[in-house]
Amino acid sequence: MKKMKNWLLGSGLTLMLLFLSGCVKMTQDASGKAIPDTGSFTYKVLVAPLDSLLKMIANLVGGDNRWGWAIILVTLIVRFIILPLGIHQSRQTMIQSEKMQYIKPQLDAVQAKLKAATTQQEQLAAQQEMSAVYKENGVSMLGGMGCLPLLIQMPVFSALYTTARYSENLQNASFYGIDLTKPAIIFVVLAGVFYALQSVVSMVGIPEEQKKQMRMMSIVSPLMIIMFSIGAPAGVTLYWVVGGFIACLQTYITNVIMKPRIKAQIQAEMKKNPPKVVVTPPKKEVEAKSTTQANQPQAKKLNQGNNQNKGRNAGKQQRNHK
């Protein structure tokens, strides 16, 4: 029964990922040019409705720049729909991160055991201890991270890419002089700047040790957005520009406003219910360290005394020689 549940869950997640990827089936016209297959399921479910929605909003807005504003409004709708989910996941990540600080001494002890392990059994035992530390203290090994908000955006991004490239409505559309069907470097730069700013804001109030770990991601994230946008139609890149601006606002809300409250909440919780001790450093090592530290001052005094005695004996030998 358990295997059947796992199989159903795995199959469901796989189908969801395939759907959320939003990949549009392509075909060829009479001249051999690649065009989207209008009869495919993905086109009917994603591209056609998005094209109709953009057309409706553009007609409501009116003016020469109506298609650009239609894309901005669709982006805002999508981002505000997933905003509560994004804030919730950020909050969970912060809670897990704060709890991690309290179990870090135990995790360091397990890491030391893993490094010192010489057999597979010792490594397995250390890994089981690490899992027990996380489990007993209610901390996720993934740190509360999730990619669902990004997956939800994927079908919109894919559908918008297809619409911007092949829709007849957008073929002659422009946004303040920028052709929405061709790449626009100004939008690429703006998207990179907004996501770089979002990475900077995400590191506000984070310990220096964690900042070092996050710096690589703070560089990779804007670079990936730039790579996605540099060859994409300006209409698609405009989606990332607005999305990056919303991401900055969301990160400011979570890191600058919510984080101090979460930190105080976890501190009070840990004071009331301290973390469960699953792993402790070996007592022999602790005693050896304390004994060594206690003997260090005595050793220094003995060395100083020996040096003084050597000096006195050397003086006596010189007098006797004379």
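Modeller: Gladly! Let us start with accessibility: buried means under 20% relative accessible area, exposed over 50%, and partly exposed in between, with a 1.4 Å probe and protein chains only. By that rule Tyr 176 is exposed, with a relative accessible area of 55%. Please keep in mind that this is a predicted model, where local features need pLDDT of at least 70, side-chain atom pairs count only at pLDDT 80 or more, and totals for chains, interfaces and linings use all residues. Residues are numbered from 1 along each chain as its sequence is written, and side-chain values use heavy atoms, with hydrogens and water left out.

Colleague: How do I read the confidence, and where is it lowest and highest in the chain?

Modeller: pLDDT is the predictor's confidence in each residue, from 0 to 100. Here the chain has a mean of 75, and 72% of its residues reach 70 or more. Confidence is lowest in helix α1 (residues 2-21), with a mean of 44, and highest in strand β4 (residues 178-179), at 92. Those names follow DSSP runs numbered from the N terminus: helices are H or I with at least four residues, strands are E with at least two. Over residues 310-322 pLDDT stays under 50, and the model has zero contacts beyond four places in sequence for them; a contact means heavy atoms within 4.5 Å.

Colleague: Now the aromatic rings. How many aromatic pairs does a search of the whole structure find?

Modeller: A pair of aromatic rings is described by the distance of the centres and the angle of the planes. Rings of Phe, Tyr and Trp (its six-membered ring) pair if their centres lie within 6.5 Å; planes under 30 degrees apart are stacked, over 60 edge-to-face, and the rest tilted. The search finds five such pairs. One of them joins Trp 69 and Phe 175, edge-to-face, at 5.6 Å centre to centre with 80° between the planes. Trp 69 sits in helix α3 (residues 66-116) and Phe 175 in strand β3 (residues 174-175), so this pair ties together parts 106 residues apart in sequence.

Colleague: Are those two residues buried, exposed or partly exposed?

Modeller: Trp 69 is partly exposed at 35%, while Phe 175 is buried at 8%. Phe 175 also pairs with Tyr 176: the ring centres are 4.8 Å apart and the planes at 75°, so that pair is edge-to-face.

Colleague: What is the phi of Tyr 176, and where does Tyr 176 lie?

Modeller: Most residues other than glycine have a negative phi. Tyr 176, although not a glycine, has a positive phi of about 50°, and its place is the loop between β3 and β4.

Colleague: Last one: which helix holds Glu 269?

Modeller: Glu 269 belongs to helix α8 (residues 234-272) and is partly exposed, at 32% relative accessible area. From C-alpha to C-alpha, Glu 269 and Lys 99 are 9.7 Å apart in space, although 170 residues separate them in sequence.
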